[in-house]
Every structure is written in structure tokens, then in C-alpha cells.
Amino acid sequence: MLLRKVIGAEVILGHKIFTRAKSSWDIVAGVCVERLPVITPPLNELQKKFKDFLWTVEIEKSLKSDHELRHENDKVQAELLKNESVDVDLDTVSKITAQDFEDSSSDELNQFKFADIVTEGDKKGIKSTPERCLQRHLVLVTHQKLGNDVKTILPQGLWKEGETLRQTAERILSEQCGTGLKVKFLSNAPCGFYKYKYPAEINGRLGAKVFFYYANYNDGEVDKKSKPNWLTRNELAELLPEKYNKTVQSFLIEETF
Amino acid sequence: MFHSQILKQLSRLTIASASKLPFNTRHISSSAVVQFKITDQLCAEPLKKKKKVDPAIIKAREDRRRKKLEKQIRKLQKNARQLKPIEEVEPPLHLMDQMGKRKRPSVVLSAEISETRALLVKEWTRYKKQEYMANVAQIDRIMAAQKRALDMLYEESEELYNEAIMPDVQLIPCSFTGTYATPPIKNYESPDGEYIDVSKKWGHK
């Protein structure tokens, strides 16, 4: 029984290798360029509660700092000065009280302008810039001409003889998105696979097998001719065809907020 | 005749060797003989008479020596049991001296608060476990997607597959700078100035 199973598997593998020679599928390399989040996502309820709990416990178990001691000292000195009953040694009264120092420090902090988490792209709803949704992952999609249709999917292109799939992916990216885009490919191996049939046979090919390569976005502008858009996970799910979207999301990290 | 007289007179001047004369002889001489003597050949000082030592005293001496050694061993062992101080972990001395001023009044928590705290901790552990399981599931999912892609590639073309599984040497060393609390400010001019690094240095200086 077991022997028959083993032989069966071998036969199937042999058949696959045999049919490889006369394959009727186009080999296509697709590229998934992802811009990683720049800012930490917001804390949810439980995380906020636990953070506050940890901070109160830390204060409870700590010793008083120099600043606190100085503050207490100042209060004592102020009391003595008010009462004027005891001769106060002017040397021990600090020139700048701890409270003053604290106030001036918080003023300085308030005056410093941090950059906004909600960028211009967010406010205006522009999807073609990677400077949006700084807390989320963004994936690049472009217009692709497939036959007579133009679809918005991840950049992809046919594999040519004599190059590896990764080289194909790099070539496609530079052709379609321009050389200004700086990315980092993370592996020689593809990370996802999608198969689709052509509506009619073209050059004896039934359809195309797309092998996705993953790259991290570092810098640079995408060429406008391909009409790029940087989409979050939800937007991808809305825009892409269902099965395609499922394949793409299977090799991307899930977002938890 | 002349010879014998001289011989007689000269015989008084004989040198008698030690070997010929036994030790305990009576010094009675029948003839007047002046005997020159060389002292006996002595190779060493004559041995002093050994005093008999009390065996009890010997035993006492041995016991004292043994006790001394054992005491020294115990002292060294006590040293080994003591742990060596770790410089980084020792609290700074000026804080230890000021403990009286620095200690906070001990907090008395009501039963309700301590219960809510305990429940919060439990909820947190449950949440963290979920998070961890979700992370592991994600990693499994991503790896399975890659494995499937490689399997399909192997079906398509062995050459491409072999090229795909080659390790990428340009990837390592690889570094990612993490997420921040606020985004970077565009065209920020950092203020000029010197700073003196007062951080403590542990280990070899």
C-alpha cells in the first residue's frame, strides 16, 4: 500500500518534469514594492492601561531623584522664609528653584515643533505618494496592460531567456517605474505564486504563471507614466481582483489595527 | 757498636703510627720512648648525645601543625564562597548613604486596587499570548506561500529554480532602522554644539 503510494508520487513528479519541456504557460515575474511603516501604530485600550500600570508601579518602587529632593528642600526653605522665625542660611536657598527648572523645561518642549503624523497626503487623500499613512504598510500598484485591458495590479512583466527571475523583476521595475526608485530586494527566491489563464490562446500559451518578488522601498520617485498608487491593506483588498488579492496578502504581514 | 748505641738513642725518637697502637692501652712504657703522635683521622665531629624526646610532645607538635593548616584552608574556602562584586549592579554609594532621605513612604494598596491590578496582569498575559500565536501563524503563512512558489517554479523550470534557491550574498549585512514616535522633520537643521559624554564605561578601560 505504502509502496504503491510512493510509486504513484514518483510517477506524478516524473510526469510533471516531462510536461515541463512542452509547457504552455508564460513565465511572468511580478514585483511587490512595500514601504514599511515609519511610525509606531497607536496603542489600543489594553496596551494603554498596562502602560499606565507599569509606570505607576515603577514610581512606587523607586527612590526619590535629585530633582525631587531639591524640590522638597525648596519647599522647606520657602516655609522658613515665610515664617522668618529662624535665621535662614542664604547659601542653602537655591537661586533657581526646582519648580522653575521644571517649568522652563516643559516650555521648551512645548515650543519644539514635531512633524505631523497626519501628512499632507493623508489630508488631501492623495494615493500616489508614499508619504501617507505613516503608520501603515503601503504597496505599490501600477497600471498594467494585459492584452487589451489595462488593470491596476502589482508591476509585472514577461521573463526573457538568459536571465534569472530576480533579474527579470529588477528589469521590470526599472522599465516601468523609472530608475529613480531605490528598492532593496530581499531574496533570490520568489515569495508568491499566481496562475491565470488567457481568455484566448496566445502564441500557444494557455496563460501566465506569475512569480512575485518582494522588495523594500528605500527612496525615490516612481515614474508617472505607470500611474503609480501606494495602497494600504484595506485599499488593496478593495481594488484587486479577489483571488489575486488573496495571493498577494498571503505573503504580506497582517496589520493589527 | 757505635751503630747500636746510636740506634738505641735514636729509637727513643720513633713515630708510632695510630693503627699500630690500640685505643685502650695502658701508657706504661718499658723503654723511654718519646712517641710523637698524630691525632686520629676524624672525618666528622663526634656525634652529640641524642636526648630522648617524649612521644607525647611529638604528637602534640604534629597536631598543632595540622590544626594550623586546616584553619588556613577554611579561611581560603570562606573567601571562595563569597561572590565577587559586580561593578555595574552595585548601587552608587552616595545613594546608599542618603537612603533615609530618598526612601518613599511605603504605599498601602486597597484590596480593590490590588485586585484590579492582578486582573489586568492576567488579561495582559492572555493578550500577549494571542499576539504571539498570531505572529507565529503569520510567519508560517508567509513561509508556506514561498514554499508553494518555489514548488511551482520547480515544476516550470529546473534552471530557474536552481538560480532562485542560491543565497543572496549582497543581502548580508542587512540592517533596518525601526519605527519612531514622530516622523522625521523635513530639512531639519540640528543645532551645533559640543557635548561631553558622561556615560559610565564598564569593563576594560
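This is a friendly set of questions and answers about a predicted model.

Student: What percentage of the residues in chain B is buried?
Tutor: A residue counts as buried when its relative accessible area is under 20%. Chain B has 205 residues, and its accessible surface comes to about 20400 Å². Of that surface, 59% belongs to carbon and sulfur atoms. The buried share of the residues is 9%.

Student: Now to where the chains meet. How many residues does the contact take from chain B, and how many from chain A?
Tutor: Between them, chain B and chain A bury about 4900 Å². Carbon and sulfur atoms hold 60% of that buried area. The contact takes 47 residues from chain B and 61 residues from chain A.

Student: Which three residues supply more than any other three of the area that chain B buries against chain A?
Tutor: The area that chain B and chain A bury between them is about 4900 Å². Of the part that chain B buries against chain A, one trio supplies 16%. Those three residues are B:Arg102, B:Arg104 and B:Glu156.

Student: Let me look at B:Arg102. Is B:Arg102 buried or exposed?
Tutor: B:Arg102 sits in helix α4 of chain B, which covers residues 99-102. Its contacts beyond four places in sequence include A:Leu63, A:Lys64, A:Ser65 and A:Leu69. The relative accessible area of B:Arg102 is 4%, so this residue is buried.

Student: With which side chain does the side chain of B:Arg102 make a polar contact?
Tutor: Leaving aside neighbours within four places in sequence, the residues in contact with B:Arg102 include B:Leu95 and A:Asp66. The polar contact has a distance of 2.5 Å. The partner is the side chain of A:Asp66.

Student: How many salt bridges are there between chain B and chain A?
Tutor: Side chains of opposite charge can pair when their charged atoms come close. One such pair is A:Arg166 with B:Asp168, whose closest N and O atoms are 2.6 Å apart. The structure holds 23 salt bridges over all chains, and the count between chain B and chain A is seven.

Student: Which element gives the most to the side of chain B that touches chain A?
Tutor: Across this interface, 19 residue pairs are in polar contact. The elements of chain B that give two or more residues to the side touching chain A are α4, α5 (111-156) and α6 (158-164). With 20 residues, the one that gives the most is α5(B).

Student: By class, what does the side of chain B that touches chain A have?
Tutor: The contact takes 47 residues from chain B. Sorted by class, they are 27 nonpolar, five polar and 15 charged residues.

Student: Turning to pairs within chain B, why are B:Asp151 and B:Lys147 separated by about one helical turn?
Tutor: The side chains of B:Asp151 and B:Lys147 meet in a salt bridge, 3.6 Å from N to O. B:Asp151 is partly exposed at 38% relative accessible area, whereas B:Lys147 counts as exposed at 55%. They are separated by about one helical turn because they lie in helix α5 of chain B, four residues apart.

Student: In which helix do B:Lys128 and B:Glu131 both lie?
Tutor: The side chains of B:Lys128 and B:Glu131 meet in a salt bridge, 2.9 Å from N to O. B:Lys128 is partly exposed at 37% relative accessibility, and B:Glu131 is partly exposed at 29%. The two are three residues apart, about one turn of the helix, and that helix is α5 of chain B.

Student: Last, a residue of chain A. Is A:His137 buried or exposed?
Tutor: A:His137 is found in the loop between α5 (120-124) and β2 (138-146) of chain A. A polar contact of 3.5 Å joins its side chain to that of A:Glu34. A:His137 also touches residues including A:Leu36, A:Pro37 and A:Leu231. Its relative accessibility is 11%, so A:His137 counts as buried.

Conventions
Residues numbered from 1 in each chain as written. Chains lettered and ligands numbered in written order. Predicted model: local features only at pLDDT ≥ 70, side-chain atom pairs only at ≥ 80, totals over all residues. Heavy atoms only, no water. Buried < 20%, exposed > 50% of the residue type's maximum accessible area, 1.4 Å probe, protein only. Areas by Shrake-Rupley, 256 points an atom, 1.4 Å probe, with all protein chains shown as cover. Polar contact = N/O pair within 3.5 Å; in protein donor to acceptor, adjacent residues only side chain to side chain. Contact = heavy atoms within 4.5 Å. Buried area = accessible area lost by both parts, 1.4 Å probe. Salt bridge = Lys/Arg side-chain N within 4 Å of Asp/Glu carboxyl O. Nonpolar A, V, L, I, M, F, W, Y, C, P; charged D, E, K, R; others polar.
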